[in-house]
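Dear colleague,

Please find below the structure I promised to hand over. My findings follow directly after it.

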Amino acid sequence: MFTLINNVIRNFLHRPATRRYPFEKREPFAGARGHLVIDPATCVYCGICATKCPANALAVSRDPKSWTLDPYKCILCGYCIESCPKKCLSMNPHHREP
Ligand code: SF4
Ligand code: SF4
């Protein structure tokens with residue numbers, strides 16, 4: 001009981017331990033990878049990124065032109081970014097908006 005009262009008093013006197021997300025968003029840590037994004041205007045749909053992906057998370061088609069990522073398979077290794085000849089892939093360190 002004494003511990004409970006102690007905790008209640010301490011919580012009244014200190015700032016909350018949590019943020020008011022989504023109103024207050026934390027800046028990503030240095031080196032955070034976030035999620036993969038593509039610049040579709042630069043992509044030539046060559047499929048090299050899909051070939052290099054170790055998680056089989058990418059599917060690329062030339063005709064019709066499509067580039068799709070399965071975010072539940074992606075392990076954020078970055079091999080696709082390194083292998084893309086057009087440099088149209090990158091990591092966005094911010095959380096994906098729902
Ligand atoms: S490697 Fe680059 S240019 Fe080729 S399909 Fe992938 S994202 Fe597009
Ligand atoms: S970051 Fe890695 S796992 Fe994710 S799509 Fe690119 S190559 Fe595949």
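Along the sequence, the chain of this predicted model runs in the order α-β-α-β-β-α-β, which amounts to three helices and four strands. The radius of gyration is 21 Å, whereas the globule rule gives 13 Å for 98 residues; the chain is therefore more spread out than a compact globule. Its C-alpha atoms occupy a box of roughly 70 × 25 × 25 Å along the principal axes.

Of the 98 residues, 17% are classed as buried. Among contacts with a separation of 6 or more, 55% are between residues 24 or more positions apart.

- Ligand 1 is surrounded by 13 residues, and Cys43, Cys46, Gly47, Cys49 and Cys84 are the closest. Its shell comprises twelve nonpolar residues, one polar residue and no charged ones.
- Ligand 2 is likewise surrounded by 13 residues, with Cys53, Cys74, Cys77, Gly78 and Cys80 the closest. The shell here also divides into twelve nonpolar, one polar and no charged residues.

The largest pocket has a volume of about 450 Å³. It is lined by 21 residues, of which Arg26, Pro28, Pro93, His94 and His95 are the closest to its centre. By class, the lining of this pocket has ten nonpolar, four polar and seven charged residues.

Kind regards

Terms used:
Residues numbered from 1 in each chain as written. Chains lettered and ligands numbered in written order. Predicted model: local features only at pLDDT ≥ 70, side-chain atom pairs only at ≥ 80, totals over all residues. Heavy atoms only, no water. Near = heavy atom within 4 Å. Nonpolar A, V, L, I, M, F, W, Y, C, P; charged D, E, K, R; others polar. 1 Å grid on protein atoms, 1.4 Å probe; cavity = no way out; pocket = protein on both sides within 12 Å on 5 of 7 lines; lining within 4 Å. Points joined across faces, edges and corners; volume = space filled by probe spheres on them. Helix = DSSP H or I, 4+ residues; strand = E, 2+ residues; numbered from the N terminus. Rg over C-alpha atoms; globule rule 2.2 N^0.38 Å. Buried < 20%, exposed > 50% of the residue type's maximum accessible area, 1.4 Å probe, protein only. Contact = heavy atoms within 4.5 Å.
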